[in-house]
Amino acid sequence: MKHIIIYILMLTTAYNTVPAQTDSTPCIGAYNDNICGRRDVAACPRSWKRKWIEVAGKKYQCLDVMNKRYEGKRIDLSFDKNILGAKKFGIKKLEVKLLD
């Protein structure tokens, strides 16, 4: 059973694993994990490396990082190749639970 370490309200956005939104290797997360085909990946603050978070009742693993200008200010949920879904998600202020 995972316990809550931090419970915080954060701006939450969505991204896709495509070169236009990432870099030339969109399927490789910041820690060299293959993140394509997964819907349980998030880009998080660097200090949350490989930790699990819960957002709106769903668990995500922090296998990617946010751009430094957003460090600690928001998280980004992967919608893999579902571009329309990510656009529909938009930007929301949601409760984020960092799990141990």
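**The aromatic pair**

Modeller: F89 is buried, with a relative accessible area of 14%. Please keep in mind throughout that this is a predicted model.

Colleague: How many aromatic pairs does a search of the whole structure find?

Modeller: In general, a pair of aromatic rings is described by the distance of the centres and the angle of the planes. Here the search of the whole structure gives 1 aromatic pair. Its members are F79 and F89, whose ring centres are 5.6 Å apart and whose planes meet at 55°, so the pair is tilted. The pair joins distant parts of the chain, since F79 is in the loop between β5 and α1 while F89 belongs to helix α1, 10 residues apart.

Colleague: Is F79 buried or exposed?

Modeller: F79 is buried, its relative accessible area being 12%.

Colleague: Which residues touch the most other members of the largest nonpolar core?

Modeller: The general idea is that, in soluble globular proteins, nonpolar side chains tend to be buried together. In this model the largest nonpolar core has 17 residues, and those touching the most other members are C44, W48, I53, V55, I75, L77 and V96. Two or more residues are given to this core by each of β1 (4–15), β2 (41–44), β3 (52–55), β4 (58–65), β5 (74–78), α1 (83–89) and β6 (92–99). The largest share, 3 residues, is that of β6.

Colleague: With which residues is C44 in contact, leaving aside its neighbours within four places in sequence?

Modeller: Apart from those neighbours, C44 is in contact with I53, C62, D64, V65, M66 and I75.

Colleague: Where is the place of L98, and is L98 buried or exposed?

Modeller: L98 lies in strand β6 and is buried, with a relative accessible area of 4%. Beyond its neighbours within four places in sequence, its contacts include H3, I4, I5, I6, W48, K51, W52 and I53. Between L98 and C62, 36 residues apart in sequence, the C-alpha to C-alpha distance is 9.9 Å.

Colleague: What volume does the largest pocket have?

Modeller: As a general idea, rolling a probe the size of a water molecule over the atoms shows where empty space is left. The largest pocket here has a volume of about 440 Å³. Its lining consists of 20 residues, with Q21, T22, D64, V65 and N67 nearest the centre. The elements contributing two or more lining residues are β1, β4 and β5. By class, the lining comprises 9 nonpolar, 6 polar and 5 charged residues.

Note on methods:
Residues numbered from 1 in each chain as written. Predicted model: local features only at pLDDT ≥ 70, side-chain atom pairs only at ≥ 80, totals over all residues. Heavy atoms only, no water. Core = buried A, V, L, I, M, F, W, Y, C linked by side-chain atoms within 4.5 Å. Buried < 20%, exposed > 50% of the residue type's maximum accessible area, 1.4 Å probe, protein only. Helix = DSSP H or I, 4+ residues; strand = E, 2+ residues; numbered from the N terminus. Contact = heavy atoms within 4.5 Å. 1 Å grid on protein atoms, 1.4 Å probe; cavity = no way out; pocket = protein on both sides within 12 Å on 5 of 7 lines; lining within 4 Å. Points joined across faces, edges and corners; volume = space filled by probe spheres on them. Nonpolar A, V, L, I, M, F, W, Y, C, P; charged D, E, K, R; others polar. Phe/Tyr/Trp six-rings, centres within 6.5 Å; stacked < 30°, edge-to-face > 60°.
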